[in-house]
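Thanks for making time this morning. I would like to walk you through one structure, so please have the sequence and the 3D view ready beside each other.

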Amino acid sequence: MREIFTAIYLESGDVHVTCSDGKRIVPALDPANADWQALARWQAEGNEITPYTPPPITITDIKAEAGNRILERYPLHAQLNMNAEATALTEALVSDGSWTNEQAKRATELKADWAWITAVRVRSNELERDLSLVSGDLSDQANWPV
């Protein structure tokens, strides 16, 4: 590398360098690498590598995190089975006028499962409306219902 203009840490720890002979990625802390040596000399001259700054959280990020959380707990096939069970329970209630104790227990479980999915969706909508509500890392449990 000839003259270094800017150096910015990447999330990986590598460094994106803009210099007189172009741009390049310098592998993190590789003292045997000639580019890393040039970067170390540049720093010794009083220059600093700009710290990594994570990109801002977007609505797409929030939707993806909410979707991943739901699918992690209830994969699509499980959600489809839950809907089928709820339909069968509804049909039983309509045709029989009441549920057995076992059916009532299962209906309560399905309702609780669906309430959690709804809570994640509601929280996702809140975060999408006001990105400042996201505290720290979007994947932190503090941002989501238990």
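If you look at α2, which covers residues 59-73, and at helix α4, residues 101-129, you will see that their axes come within 9 Å and cross at roughly 170°. Angles over 145 degrees count as roughly antiparallel, and α2 and α4 are therefore roughly antiparallel to each other. Please keep in mind, here and in what follows, that this is a predicted model.

Which residues make this contact? From α2 come I59, I62, K63, A66, R69, I70 and R73, and they meet W116, I117, V120, R121, S124, L127 and E128 of α4.

Is T53 buried or exposed? With a relative accessible area of 63%, T53 is exposed, and its C-alpha atom is separated by 16 Å from that of A28, a residue 25 positions away along the chain.

Now to the sheet, which is open and built from three strands in the order β1-β2-β3, with antiparallel pairing. Because β1 (4-9) and β3 (22-26) stand at the edges and each has a single partner strand, one side of each is left without a neighbour in the sheet. On average, and ignoring direction, neighbouring strands here are turned by 20° against each other. Between β1 and β2 (residues 15-19) there are five bridges, and I8 has H16 in β2 as its bridge partner. Helix α1, residues 34-44, packs on this sheet and touches β1, β2 and β3, while its direction makes about 105° with that of β1.

Terms used:
Residues are numbered from 1 along each chain as its sequence is written. This is a predicted model: local features need pLDDT of at least 70, side-chain atom pairs count only at pLDDT 80 or more; totals for chains, interfaces and linings use all residues. Side-chain values use heavy atoms; hydrogens and water are left out. Two strands pair if DSSP finds at least two bridges between them. Helices (H or I, at least four residues) and strands (E, at least two) are DSSP runs, numbered from the N terminus. Axes are lines fitted to C-alpha atoms, for helices over the stretch in contact, and angles run from 0 to 180 degrees between N-to-C directions. Contact means heavy atoms within 4.5 Å. Buried means under 20% relative accessible area, exposed over 50%, partly exposed in between (1.4 Å probe, protein chains only). Angles under 35 degrees count as roughly parallel, over 145 as roughly antiparallel, 65 to 115 as roughly perpendicular and the rest as oblique.
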